[in-house]
Amino acid sequence: MRAEWSLVSPGTELHYLDRSARTGERFPLGYCSAGVVDAVGPQAPGFAPGDRVIAMGWGEAVHSEAVTVPYRLCRRVPHDLDLADAVVAGLAATAVHAVDRAVLEPADEVVVVGAGMVGQLVAQTAAARGVPVTLIDLRPDRLRSAAALGLGAADRRFLAAEPSSPPPAGGRCVFLCGTGDAGEVIAAAARWAGRAPGRPRLVGVGRFAAHIDFSVELGNLDIRYAARCGAGYRDAAYARGLRDVTAPPGEGTVTENLQRALDLIDIGAVRPRAMNLPRLPLERAAEAYAGLRERPAHPAVLLHYGPHEGSATS
């Protein structure tokens with residue numbers, strides 16, 4: 001594939017940069033790319049040269065002008081969808097998987113803690129299920145796009161303040177999409193979720209640590225963790241069509257979730273443009289990584305390859 005865009009996923013990529021600095025290991029960064037098919041192998045059904053596609057996969061859909069990716073980690077992009085928007089589906093597949101893991105019901109209420117890239121995608125994906133969603137972050141500047149994304153926004157006091165009545169019949173679910181020590185957040189989330197009549201849930205997404213005191217004071221709480229983006233991811237045999245996998249009930253394979261994420265972008269339920277992601281040329285990648293380490297207002301960066309008039313911002 002000849003790449004036109006790739007997405008810098010800050011949580012994963014900065015983690016591996018830090019690991020490289022500690023251990024001396026070297027990693028090819030990036031796993032979300034979009035462009036045009038240049039050639040198709042004999043065992044890659046459904047694709048042809050000239051197709052506009054998204055591609056994902058750690059160590060495969062890397063930041064490069066040309067990538068070779070197993071066909072089950074690729075999806076064709078609708079002709080009227082900008083590739084710069086479509087490339088976000090690679091990370092949005094993680095959000096689709098996380099929301100599946102939550103087993104949301106129509107009467108539920110959702111809070112997403114952490115307005116980084118994954119948090120904003122999880123919030124939009126949950127809102128697409130028709131439930132009210134509130135996005136929480138310590139940084140007010142990371143919540144500026146919430147209204148444009150169709151989301152409520154609040155600061156960290158929301159879970160403790162109880163500003164509104166619990167739903168009359170549904171449950172409450174908290175998605176934890178932050179980093180660092182999450183012990184206090186989990187305790188507050190358990191109290192908030194436990195006030196509703198329905199099932200209280202916590203779904204972890206990302207990298208964080210917490211000490212939890214399991215006792216009757218914690219209350220009833222279902223805790224789940226959503227890793228990666230669906231069954232078959234990082235399974236080379238599955239990605240190349242050499243074997244099939246079966247996702248747990250209510251969940252999907254990475255291929256299915258990648259398509260569902262792309263569909264959400266195509267219908268406007270997930271809005272990459274409203275997330276205000278800077279668009280930089282590949283030669284400014286080092287600058288992009290350095291800026292993301294400072295936790296700016298924007299949650300991620302798009303890298304483009306070749307001339308794209310009017311697309312670069314800083």
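Helices (H or I, at least four residues) and strands (E, at least two) are DSSP runs, numbered from the N terminus. With that in hand, let us walk through the structure. Residue numbers start from 1 along each chain as its sequence is written, and side-chain values use heavy atoms, leaving out hydrogens and water. The model is a predicted one, in which local features need pLDDT of at least 70 and side-chain atom pairs count only at pLDDT 80 or more, while totals for chains, interfaces and linings use all residues.

A word on confidence comes first. The predictor's confidence in each residue, from 0 to 100, is its pLDDT. Here the chain averages 92, and 96% of the residues score at least 70. Over residues 308-314, however, the pLDDT is below 50, and this stretch has 13 contacts in the model beyond near neighbours in sequence. A contact means heavy atoms within 4.5 Å. Where pLDDT is low, the predicted coordinates should not be read in detail.

Now to the backbone. Most residues other than glycine have a negative phi. Valine 103, not a glycine, has a positive phi of about 50°. Valine 103 sits in the loop between helix 3 (89-102) and strand 5 (109-113). Asparagine 276 is another non-glycine with a positive phi, of about 55°, and its loop runs between helix 8 (254-266) and strand 13 (279-281).

How open are these places? For relative accessible area, buried means under 20%, exposed over 50%, and partly exposed in between (1.4 Å probe, protein chains only). Valine 103 counts as partly exposed because its relative accessibility is 46%, and asparagine 276 counts as exposed because its value is 54%.

Some other residues are worth a visit. Aspartate 85 belongs to helix 2 (residues 83-86) and is buried, at 9% relative accessibility. Not counting residues up to four places away in sequence, aspartate 85 touches Ile265, Pro272, Arg273 and Arg279.

Arginine 142 lies in the loop between strand 6 (133-136) and strand 7 (152-154). With a relative accessible area of 8%, arginine 142 is buried. Leaving out residues up to four places away in sequence, the residues that arginine 142 touches include Asp137, Arg295 and His298. The C-alpha atoms of arginine 142 and glycine 114 are 8.9 Å apart, although 28 residues separate the two along the chain.

Leucine 282 is found in the loop between strand 13 and helix 9 (285-293), where it counts as partly exposed at 26% relative accessibility. Leucine 282 and glutamate 65 are 217 residues apart along the chain, yet their C-alpha atoms are separated by 9.0 Å. Leaving aside neighbours within four places in sequence, leucine 282 is in contact with Leu303, His304 and Tyr305.

What about the cysteines? A disulfide, counted here as a pair of cysteine sulfur atoms within 2.5 Å, is a covalent bond between the sulfur atoms of two cysteines. A search of the whole structure finds zero disulfides.
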